[in-house]
Amino acid sequence: MPEHPPSLLTMSGITKSFPGVRALDGVDLEVAPGEVHCLLGQNGAGKSTLIKVLAGAHQPDEGRITWNGAPVRLRSPSAAVRLGIATIYQELDLVEGLSVAENVHLGHEPTTGGFVRTREARQTTAALLERLGHPEIDPARRVGELSAAQRQIVSMARALSHDVRLIVMDEPSAALDPDEVANLFRIVADLTADGVAVVYISHRLEEIRRIGDRVTVLKDGRAVARGLPAATTPTREVVALMTGRDVPYVFPERPTRPPTAEPVLRVQGLARKGEFEALDLELRPGEIVGLAGLVGSGRSEILETVYGARKPTAGRVTVDGRPLRPGSVPAAVAAGLGLAPEERKAQGLLLLESVTRNVSVSSLARFSRAGWIDRATERETARTATRTLSLRPDLPDAPVRTLSGGNQQKAVLARWLLRGCRVLLLDEPTRGVDVGARAELYAVIRGLADDGLAVLLVSSEVPEVLGLADRVLVLREGRVVHQAPARDLDEHRVLDLVMEGSPAV
Amino acid sequence: MPETSRRHLLLGGAAVSAGALLTACTSNEPKNQSPVGSAAPAADDKPGTPVTIGFAGPQADHGWLNAINDNAERRAKTYSDVTLEITEGSNDTATQIGQVQTLINKKVDVLVILPADGKALTQIGLQAMKAGIPVINLDRIFASPQAYRCWIGGDNYGMGLNAGNFIGEQLKDKPNATVVELAGMDSLELTKQRTQGFDDALKNYPNIRKVARQAADFTVESGQAKMAQLLQAQPKFDALWNHDDDQGVGALRAVAQAGRKDFLMVGGAGAKSAMDAIKADTGVLKATVLYPPTMAASAIDLARALGQKKGVGGMSELEIPASITLYSAVVTKENVDEYLPTGFS
Amino acid sequence: MTLTTPAKAPPREGRWRALGLRADVRNLSLLGVLAVLIVVGGLTRPAEFLATSNLQLVLTQASVIGVVTVGMTFVITSGGIDLSVGAIVALASVWATTLATQEFGFAGILFTAVAVGLGCGLVNGVLVAYGGMVPFIATLAMLASARGLALQITDGKTQIVTVPSVLDLGLPDAYVLGIPPLVLVFAAVTVAGWLLLNRTTFGRRTIAVGGNPEAARLAGIDVRRQRLFLYLLSGLCCGIAAFLLVVLAGSGQNTNGNLYELDAIAAAIIGGTLLSGGRGTIVGSVLGVLVFTTITNIFALNNLQSDVQQIAKGAIIVAAVLLQRRTVRDGT
């Protein structure tokens, strides 16, 4: 890359306020053609607002945007698209009922007299998918039938179907497996080789090191650092800029003695056809057991089946020796199980409701008499739980959607703490949680185990499983292939195990 | 858990007995059947050539329409030479067209059609006539006279006119008299006609002024609601003209609820409940203007006469007239006994 | 670890409380609409509009649809819809006024109306909760069958009530301190509904199921049982409303409750209940009903005809909703 390339996009002094919140406070961003410009920042730092301004979805209150040296106003998403700015959102915006080709050409279908030239649309789509390294996706298939990773590719194909000069990718790797991430990096490299600029948002510092050119760090709606070299800036410095702290991944100490109590949870021969087979598992109070495996290895399915949210085809789950009614969440909750689901917003939280009500929802019987809720007690006990987990801000009446990802996760944990649950099932507990808050969440989880809870942990981040769990079960294609204390494993070994038999990346 | 199961048992038992009681409660069989239909048949009732009459009407979701069906069926039963093919009533034009089509295909001798919508069913009337099946068009008139051999129906304008004249005569000596009107469904042509007739009649009485009009929709519920509002809006008036006796049940309820007795009320259509009230003469209802459902019985008579190629008894014409408009008689305490058998519920 | 340093100063606690009261702000804007209507009524027909008898009239006319709307508010808050309310009211009112039922007198009529309402609600609830049917379709089917059954029972005839104790309940002599008994029932249902939605576990679960059914399920709520109870509740309200209607109209007719479903949904929505579920307000729904009833009243008092009434009613719905949006506008 040249030292001072002419900039493709310059945003300066961008300010955007929402009632009560100044989301962006004079942010500058400068992107050169053909570079991968990484945007870093904790949740709530203003990244989403900034890319929405760039996509024409939000109008800034103040500030100027120049494109190829000329001032522009991005009045609408279509205005941004016309300039050549494409955005791939984290929550993919595809229409599930339409085909791949129809999604790719949505809004700019090739037409003759109002009729879509379907064949041409499919051909151009196939060409785009080929270019993205996924020729196996059939342009005629309905998007609803595709996997998460395939949808991401379709979303990208849609971005590339325009004459694009700048692509914004919001956490594109969050739902991807390592080999798919490798493919993503190859695509990004191809794009930049063609002179397309990429604004890349990720929580994963190692990714940014691998593909990023420059880094802009946002904090509290301001750009606290601009144009840092991605490869050479020390991690410590980046983390410090983002958080004011300098410890990225700190795992809490494991207890010195392994737990000896009788297992509280026993899973025997549990299976669900097509998802996972014959799982045996024991979980003791005070113990954290991790499930490691790729996307599609059956990790989440196992948790949900143990929890009764899915009905097993074979096997049984017992708590304290008493078998659980299969396929009944209320029975599992009554027996002392609690689940922090993978999709926190879609499956875990009542987003319209306050923190208190999100925490109390599973324990309503506890502060009600004959169905009558004692709201003062409810608020106070919920607050005790959230304070135990240092949920911030300490505002019981705040809508839960205003919290950061990490604190939303704490609200879910507080729900089970309040319920007095004995077995906690955690599915991707740190997804969407920024680096600074992770360590705190790890400490919280370990603290809960130390207080006698049994924890079953699923994570796609192998270091997380290894760092947090006492014992690890490695899964491949719905089957436990290895089982060992976490301290006897390393990341390399686990990756070997989960990918054993599959071609090397 | 014995306790729960006993509770379940109790609940179950209660549910079953409640169900049994409820099922018994659907019965509507009155202790003595009220007679429907009127005096002697119009045509002679000596048995003649057998005639098959096809009958198609709208869904009988309203007292008057139900009485239409009753009248047709009962009258047909009185003739040994008449077979009545009656279709399931429908308010849907397309369904009704299909039903008439079926009757044409069955080659009935005469058709009696009360269309859900007269204009929309004109084509099917034409088709039947072309196929050589004479059509008696009952009440709601087809758009073209070619679509029927004979039309028989009520006189909506006449209803309004007679109601207005009756009220006018009652109030003619009262200076600055005021009347209010509780109309039927405003989206129907017949409501406009009834109002027009009423207004035209009042022009003969310069001392009477119509001060308010609200439209209900022929249901008891709407009659109560709109009448309650009218009573609130007009703390004092001398007479009320209500287009329909069914909604009149609700209107009378509203009058009772408001505790008002200071005016006279004239109803319309000729429901039995209205006639009973007129006969008892304890409330505001003093008269009702007929829109007689017996027209269906007459239609059967006409159809039979057509099928047997006879004229109408009592008239010197060889042929049945092309159109018969019924008279909207005013039923009062004096003549109510005469009409009571035709009252419908 | 330096975990104790907060990233930014926490906002003051009061603000979130204020935000939590947003549903009540909607109610305020609806109160504004009502106030404007009262001014209009008071200016155009002062003597008639401002009379005590008119207040009694408006509240009485609001009571039947009002009770239905309270039940509907629960169903909508849970993310469902009940299109069958009008048909259930019709069926319950005709079943309660057959000659056979009337032989059992007051208690027979009341029991039948409520039992039929509950029965229909039970069928709706089982179809939706355990049959996996979409509420729109299940209750649409109930709408059709209940109307059909009502027609079959009445044979299209008007069933006049002859039980004096039932009829007398609608007459001025039965007023308690000037309040018609129908209005008392409406008030009681409103208060009970408000308490149930805002102060009990049942209400909390209703809101949770409407806000995020999957999260509610994974939090251990028996979502299906909750849905069953909600349609039962709506059926119960329809049964009570049917009894009130029998008292009001002194009769049962299969055409009763015509388009109640739309009136109830409209009242709940302009009151501030989210059609998508997760947020509901009984006070708002009742205000919505009162706005509609007051509009009808003012129009009738001013002798405006049905065509004008309908046009203006549509315009006022749009105006009320736009006004609310202005009042509560904020960027998510």
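**Reading the model**

Mentor: Begin with a loop of chain A: A:Pro393 lies between helix 13 (375-388) and helix 14 (405-419) of chain A. Keep in mind that this is a predicted model.

Trainee: What is the peptide bond from A:Arg392 to A:Pro393, cis or trans?

Mentor: The angle to read is omega. The bond from A:Arg392 to A:Pro393 is cis, with omega near -5 degrees.

Trainee: Where in chain B is B:Lys107, and what is its phi?

Mentor: B:Lys107 sits in the loop between helix 3 (93-105) and strand 3 (110-113) of chain B. Its phi is near 60 degrees, a positive value in a residue other than glycine. B:Lys107 counts as exposed because there are 11 C-beta neighbours inside 10 Å; the cut-off for exposed is 12 or fewer.

Trainee: How do I read the two faces of a strand?

Mentor: In a regular strand the side chains alternate between the two faces of the sheet. Take strand 6 (residues 85-88) of chain A: A:Ile85 and A:Thr87 are on one side, A:Ala86 and A:Ile88 on the other.

Trainee: Are those residues of strand 6 of chain A buried or exposed?

Mentor: All are buried, and both faces of strand 6 of chain A are covered.

Trainee: To which strand is strand 6 of chain A joined, and by how many bridges?

Mentor: Four bridges join strand 6 to strand 9 (residues 166-170) of chain A, and the two run parallel. Within this pairing, A:Ile85 has A:Leu166 in strand 9 of chain A as its bridge partner.

Trainee: In what order do the strands of this sheet in chain A come?

Mentor: The order is 6-9-10-3-11-12 in chain A, six strands in an open sheet with mixed pairing. Strand 6 and strand 12 (222-229) of chain A are the edge strands, each pairing on one side only. On average, neighbouring strands of the sheet are turned by 15 degrees against each other, direction ignored. Helix 6 (residues 178-193) of chain A packs on the sheet and touches strand 3 (36-40), strand 9 and strand 10 (197-201) of chain A. The direction of helix 6 makes about 145 degrees with that of strand 10 of chain A.

Trainee: How should I read a helix for burial?

Mentor: An α-helix has 3.6 residues a turn, so residues three or four places apart point the same way. Burial is then read residue by residue.

Trainee: How many residues of helix 1 of chain A are buried?

Mentor: Seven of the eight residues in helix 1 (residues 47-54) of chain A are buried, and the helix is mostly covered. Among the buried ones are A:Lys47, A:Leu50 and A:Leu54. After helix 1 of chain A comes A:Gly56, with a positive phi near 80 degrees.

Trainee: At what angle do helix 5 and helix 7 of chain C pack?

Mentor: Read angle, distance and handedness together. Helix 5 (residues 85-95) and helix 7 (residues 105-130) of chain C pack at about 145 degrees, with their axes 8 Å apart, and their crossing is right-handed. The residues that meet include C:Ile88, C:Leu91 and C:Trp95 in helix 5 of chain C, and C:Val116, C:Gly117 and C:Cys120 in helix 7 of chain C. By class, this contact has seven nonpolar, three polar and no charged residues.

Trainee: Which chains have the most contacts between them?

Mentor: Of the two pairs of chains that touch, chains B and C have the most contacts. Their contact takes 41 residues from chain B and 40 residues from chain C. Helix 7 of chain B gives the largest share of chain B's side, 10 residues. That side has 17 nonpolar, 16 polar and eight charged residues. In contrast, no contact joins chain A and chain B, whose closest C-alpha atoms lie 16 Å apart.

Methods
Residues numbered from 1 in each chain as written. Chains lettered and ligands numbered in written order. Predicted model: local features only at pLDDT ≥ 70, side-chain atom pairs only at ≥ 80, totals over all residues. Contact = placed C-beta atoms within 7 Å. Nonpolar A, V, L, I, M, F, W, Y, C, P; charged D, E, K, R; others polar. Axes fitted to C-alpha atoms, helices over the stretch in contact; angles between N-to-C directions. Left-handed = near helix turned anticlockwise from the far one by under 90°. Buried ≥ 20, exposed ≤ 12 C-beta atoms within 10 Å, placed from the backbone. Pairing = 2+ DSSP bridges.
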